[in-house]
Amino acid sequence: MATTTKTKATHGSGAEGAWEVPPEQALRVPEGFDLAVFDRASTPGFTGDKAAGKALVAQHADELSELQERLFAEGRSGGSRSVLLVLQGMDTAGKGGIVRHVVGLVDPQGVAHRSFGVPTPEERRHDYLWRIRRALPEPGYIGVFDRSHYEDVLVARVDALVPPEVWEARYDEINRFEAEVAAAGTTIVKVALLVSYEEQRARLMERLERPDKFWKYNPNDVDSRQKWPAYQEAYQAVLDRTSTDVAPWHVVPADRKWFARLAVSELLLDALRGLDLGWPPADFDVAVEKARLAAT
């Protein structure tokens, strides 16, 4: 039986920097959600400003790190649980920043990060979920998908890579797949980072104006931008059809980078807290080992 030491469970105190509504509730996609009217510069549920948001991330960093270490220790001691953070969003939505500034708060040895781009020849020879299954986090790990299996109902749909009847069937296939993953012990945290059309243009232009950002620019980003309405329609379908009880979607406004990072850090923290993690007990006689060590 694991030894449990409770960690502080708070989302901020006082009027400034507090969550008026718990982040899991404030950000979870509601029934009837309309992507067309969603304010992508908003801060749902949060009453503070940028300074307060950054302070709250720093305040919770130690707890996030400790809970990740407990999860890793549990996995090394025969546990079966893990966490999977799915980051999905248009180009410039801030997925990389989330990985650096949020996931970067924990020990990298307990993180399994994967980014899914164009399938390799080997991956094309298999079902589209084959490469996803191979990348699922092992027990004790936080897995991070920078883009994910949802590319197969987003890019595949918008660019007509497969017939409509094929991508249409994938929504239910994905729901079944995620239910299986959750039943096997993985807590799934799905985040849709939603950047506005105007902010995306500004971020792409910045990449073209700064030599230190050239490496981040891809001409294909403009090609995708020209298909913005089709992508918004595809994202709406994803949110409508694949937000389930075991793997709900959370919609995070991404125009304010500080808020997106705060929101994801809080969602990840909530997921880890929900596991009620303790420290694995010793599988040896502590007193005997102390005596043996003292005798050396």
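Predicted model: local features only at pLDDT ≥ 70, side-chain atom pairs only at ≥ 80, totals over all residues.
Is the crossing of α2 and α11 left-handed or right-handed? It is left-handed.

Cavities, then. The structure holds 2 of them at 30 Å³ or more.

Start with the largest cavity. Its lining consists of Leu35, Arg40, Gly89, Met90, Leu193, Leu194, Val195, Trp228, Gln232 and Tyr235. Two elements, β4 (186–194) and α10 (228–241), each supply at least two residues of that lining. Which element gives the largest share of the lining of the largest cavity? That is α10, with 3 residues. By class, the lining of this cavity has 7 nonpolar residues, 2 polar and 1 charged.

Now, α10 also has a helix partner to look at. Helix α7, residues 164–183, packs with α10 at an angle of about 40 degrees, and the two axes are 10 Å apart. Angles under 35 degrees would count as roughly parallel, so α7 and α10 are oblique to each other. In this pair, α7 passes α10 in a right-handed crossing. On the α7 side the contact uses Glu168, Tyr171 and Asn175, and on the α10 side Ala237, Val238 and Arg241. Sorted by class, the residues of this contact are 3 nonpolar, 1 polar and 2 charged.

On to the second largest cavity. Here the lining residues are Val57, His60, Ala61, Leu64, Leu105, Ser265, Glu266 and Leu269. At least two of the lining residues come from each of α2 (50–76) and α11 (257–274). The largest share, 4 residues, is from α2. The lining of the second largest cavity divides into 5 nonpolar, 2 polar and 1 charged.

That returns us to the pair in my opening question. How far apart are the axes of α2 and α11, and at what angle do they pack? The axes lie 9 Å apart, and the angle is about 30 degrees. With the cut-off for roughly parallel set at under 35 degrees, α2 is therefore roughly parallel to α11.

From α2 it takes Lys50, Gly53, Lys54, Leu56, Val57, His60, Glu63, Leu64, Leu67, Gln68 and Leu71. From α11 it takes Trp258, Arg261, Leu262, Ser265, Glu266, Leu268, Leu269, Leu272 and Arg273. By class, this contact has 10 nonpolar, 4 polar and 6 charged residues. Val57, His60, Leu64, Ser265, Glu266 and Leu269 are in the contact, and those residues also line the second largest cavity.

To recap the two helix pairs: α7 and α10 cross right-handed, while α2 and α11 cross left-handed.

Technical notes:
Residues numbered from 1 in each chain as written. Heavy atoms only, no water. 1 Å grid on protein atoms, 1.4 Å probe; cavity = no way out; pocket = protein on both sides within 12 Å on 5 of 7 lines; lining within 4 Å. Points joined across faces, edges and corners; volume = space filled by probe spheres on them. Nonpolar A, V, L, I, M, F, W, Y, C, P; charged D, E, K, R; others polar. Axes fitted to C-alpha atoms, helices over the stretch in contact; angles between N-to-C directions. Parallel < 35°, antiparallel > 145°, perpendicular 65-115°, else oblique. Left-handed = near helix turned anticlockwise from the far one by under 90°. Contact = heavy atoms within 4.5 Å.
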